[in-house]
Amino acid sequence: MPYLPDGAPLPQATPDDSPYWDAHARRELRIQCCADCGTFRHPPGPLCANCGSSRVNWTQVSGKGKIFSYTVAHYATHPALKQSVPYNVAVVMLEDAGDVRIVSNVVDASPDEMRIGMKVELFWDAVSEGGYLPRFRKA
Ligand SMILES: [Zn+2]
């Protein structure tokens, strides 16, 4: 179920999110957590929306979570995705990162199996030489 077309580049890191992407190479899911008030945030950014602090820890999380929302794509937006439709795009609420939700795919669930609240767990999908993306499977 290839969601990343062959040869497609991984996202380019910025100073704010490079620890997030660097952790992927080690197959670690690390989420920004404010060093002053403990609020998790994602996508990565320079300041805490809760207290305004720029001090941050990159906390490793378990990758366990539940589907918060999802959609099923029936139209390939890129020719390389024609073999993959229909596929889901899921918003996963992580169980140990506050209100953080990440956008990914649940690779082993058919469109009819997808349910809001369904438990899922992270696995690392090798999408290129040394490149991994966080994806999910049914838990
Ligand atoms: Zn804060």
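Predicted model: local features only at pLDDT ≥ 70, side-chain atom pairs only at ≥ 80, totals over all residues.

**Strands, sheet and core**

Q: What makes S7 and S8 a pair of strands?
A: Eight bridges join S7 to S8. Pairing takes at least two bridges, so S7 and S8 count as a pair. The two strands run antiparallel.

Q: What makes S5 and S6 a pair?
A: Four bridges join S5 to S6. At least two are needed, so the strands pair. They run antiparallel. The bridge partner of Val 91 in S6 is Val 103. In the hairpin of S5 and S6, six residues sit between the strands. There, Gly 98 takes a positive phi near 60°.

Q: In which order do the five strands form the open sheet?
A: The order is S6-S5-S4-S7-S8, with antiparallel pairing.

Q: Why are S6 and S8 called edge strands?
A: Strand S6 (101–104) and strand S8 (131–138) each pair on one side only. From one strand to the next, the twist averages 35°.

Q: Which elements does the protein chain have, and how do they run from the N terminus on?
A: The chain has one helix and eight strands. From the N terminus on, the elements run α-β-β-β-β-β-β-β-β.

Q: Which residues touch the most other members of the largest nonpolar core?
A: They are Val 92, Leu 94, Val 106 and Phe 136, out of 17 residues in this core. Strand S1 (30–34), strand S5 (87–94) and strand S7 (119–128) each give two or more residues to the core.

Q: How do you know that this core lies between domain 1 and domain 2?
A: Domain 1 (13–60) and domain 2 (62–139) both give residues to the core, so the core lies between them.

Q: Which residues does Val 92 touch, beyond those up to four places away in sequence?
A: Val 92 touches Gly 65, Ile 67, Phe 68, Arg 101, Ile 102, Ser 104, Val 120 and Phe 136. As for the background, nonpolar side chains in soluble globular proteins tend to be buried together.

Q: Why is Trp 58 called partly exposed?
A: Trp 58 has 14 C-beta neighbours inside 10 Å. A buried residue needs 20 or more, and an exposed one has 12 or fewer. The count for Trp 58 falls in between, so Trp 58 is partly exposed. This residue lies in strand S3 (residues 56–60). Trp 58 touches Pro 19, Ala 23, Arg 30 and Gln 32, not counting residues up to four places away in sequence. Trp 58 and Tyr 20 are 38 residues apart in sequence, with 7.8 Å from C-alpha to C-alpha.

Q: How do you know that the radius of gyration agrees with a compact globule?
A: With 139 residues, a compact globule would have a radius of gyration near 14 Å. The protein chain has 16 Å, which agrees. Along its principal axes, the C-alpha trace spans about 45 × 35 × 25 Å. Buried residues make up 21% of the 139 residues.

Notes: Residues numbered from 1 in each chain as written. Core = buried A, V, L, I, M, F, W, Y, C linked by C-beta atoms within 7 Å. Domains from an automatic or database assignment. Contact = placed C-beta atoms within 7 Å. Rg over C-alpha atoms; globule rule 2.2 N^0.38 Å. Axes fitted to C-alpha atoms, helices over the stretch in contact; angles between N-to-C directions.
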